[in-house]
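Hi,

Here is the model I promised to pass on.

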Amino acid sequence: MGSNEELPEGTVQNILEQETLKWVFVGGKGGVGKTTCSSILSILLARVRPSVLIISTDPAHNLSDAFQQRFTKTPTLVNGFSNLYAMEVDPTVEHDESLVSDMTDGFMSDLANSIPGIDEAMSFAEMLKLVQTMDYSVIVFDTAPTGHTLRLLQFPSTLEKGLAKMMSLKNKFGGLISQMTRMFGVGDEFGEDAILGKMEGMKDVIEQVNRQFKDPDLTTFICVCIPEFLSLYETERLVQELTKFEIDTHNIIINQVIFDEEVIESKLLRSRMNMQQKYLDQFYMLYDDFNITKLPLLPQEVCGVEALQAFSHHFVSPYQPSIVRGTVEELELRVSTLKEQLKDAESELERLKKGKQKV
Ligand SMILES: Nc1ncnc2c1ncn2[C@@H]1O[C@H](COP(=O)(O)OP(=O)(O)OP(=O)(O)O)[C@@H](O)[C@H]1O
Ligand SMILES: [Mg+2]
């Protein structure tokens, strides 16, 4: 490691090299490129690890879009790979065995519902329990936009709090509750004991996962963002929350960067680029101890394994503008761009003239 720590690199190489990593979270604001980045990261990890699982916890799944393949809530081999699996889980949907579906209406279900996020947390814990038995070398999470993700990462404490609250209430009012449940004809299997039993059963998983998520050897969180004010702001909030939860984070991916060479003649792009530069400077200033990877804005979407593979080299080698300003190459490119623009303008003019003649 050594030199890496002193001089952070502009790539995600550190993630690929950290052999102990078990959980890799990829998160950020909506639409910044979380799915694209987590998909590419899982492809890169599949080259160096025996087996990789990518999980989408975003209710609006888009791993299927990125890989152009349908996925379900069981791990499915990604086409063209022998060790990369994908699954899409919906943490907001109640599973058959979820806490709330175990309960009929009544005091205990009201109580459970009064703990925000408890059911979602239980489903997430159940999913993690399942995934842990599957023995993947590393698990990548394509998370939902920030707020949602932070809620999920809080789930161990949500569950622990919920459990404590229910236990103390049970101790206080235990007799009364069971009398009441009996009075209202709720069977024992749906009663508070079943629910508490279930929650206690989860306790081991929760504690284990909680320990793992807080261990920087096992878990890290990669923040994806774009060089704009709101994204910078949200990244800072995310980093602070992660620090609060003691979850390691030292990689930022700045996506959709407009590099000089693409700008050439467009005034619009040039001013966007200047705006981006301002925020890029701030990112580098605020996160000087992070590995910051910059990804270029492409003229097209990044869809399908081939496109993901092609884009992946930006994750392992820092962006190099292929053309140096003032060279013959650059001038040639400028001339051809101007020719294209002239052609477009001429045909637009033709079209307008024709339209006028008709009127
Ligand atoms: N650098 C890029 N250049 C061009 N298009 C990109 C780039 N990165 C991502 N895209 C495209 O932008 C769209 C949004 O990206 P992606 O789905 O990865 O974002 P997301 O953060 O997962 O969004 P959501 O919050 O909706 O889940 C996709 O169509 C993707 O192909
Ligand atoms: Mg997404």
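Two residues are in contact here if their C-beta atoms, placed from the backbone, lie within 7 Å. On that basis, residues 24 or more positions apart account for 76% of the contacts in the protein chain with a separation of 6 or more.

Some housekeeping before the rest. This is a predicted model, so local features need pLDDT of at least 70 and side-chain atom pairs count only at pLDDT 80 or more, while totals for chains, interfaces and linings use all residues. Residues are numbered from 1 along each chain as its sequence is written, with chains lettered from A and ligands numbered from 1 in the order in which they are written.

The protein chain has 15 helices and 8 strands; helices (H or I, at least four residues) and strands (E, at least two) are DSSP runs, numbered from the N terminus. Of its 359 residues, 34% count as buried, that is, with 20 or more other C-beta atoms within 10 Å of their own C-beta, again placed from the backbone.

Now the ligand. There are 18 residues around ligand 1, and Lys34, Thr35, Thr36, Leu298 and Glu301 come nearest (a residue is near if its C-beta atom, placed from the backbone, lies within 6 Å of the molecule). The elements giving two or more residues to that shell are α3 (34-48) and β7 (251-257), and α3 gives the most, with 3 residues. By class, the shell has 7 nonpolar, 8 polar and 3 charged residues. Here Ala, Val, Leu, Ile, Met, Phe, Trp, Tyr, Cys and Pro count as nonpolar, Asp, Glu, Lys and Arg as charged, and the others, Gly among them, as polar.

α3 also packs against another helix. Its axis comes within 10 Å of that of α13 (residues 304-311), and the two cross at roughly 80°; axes are lines fitted to C-alpha atoms, for helices over the stretch in contact, and angles run from 0 to 180 degrees between N-to-C directions. The pair is therefore roughly perpendicular (65 to 115 degrees). Ser39, Ile40 and Ile43 of α3 meet Leu308, Gln309 and Phe311 of α13, giving 4 nonpolar, 2 polar and no charged residues.

And how do α10 and α12 pack? Helix α10 (residues 229-244) and helix α12 (residues 267-286) have axes 10 Å apart at an angle of about 15°, so they are roughly parallel (under 35 degrees). Phe229, Leu232 and Glu236 of α10 make the contact with Tyr279, Gln282, Phe283 and Leu286 of α12, which divides into 5 nonpolar, 1 polar and 1 charged.

Cheers

Methods:
A residue is buried if 20 or more other C-beta atoms lie within 10 Å of its own, exposed if 12 or fewer, and partly exposed in between; C-beta atoms are placed from the backbone. Angles under 35 degrees count as roughly parallel, over 145 as roughly antiparallel, 65 to 115 as roughly perpendicular and the rest as oblique.
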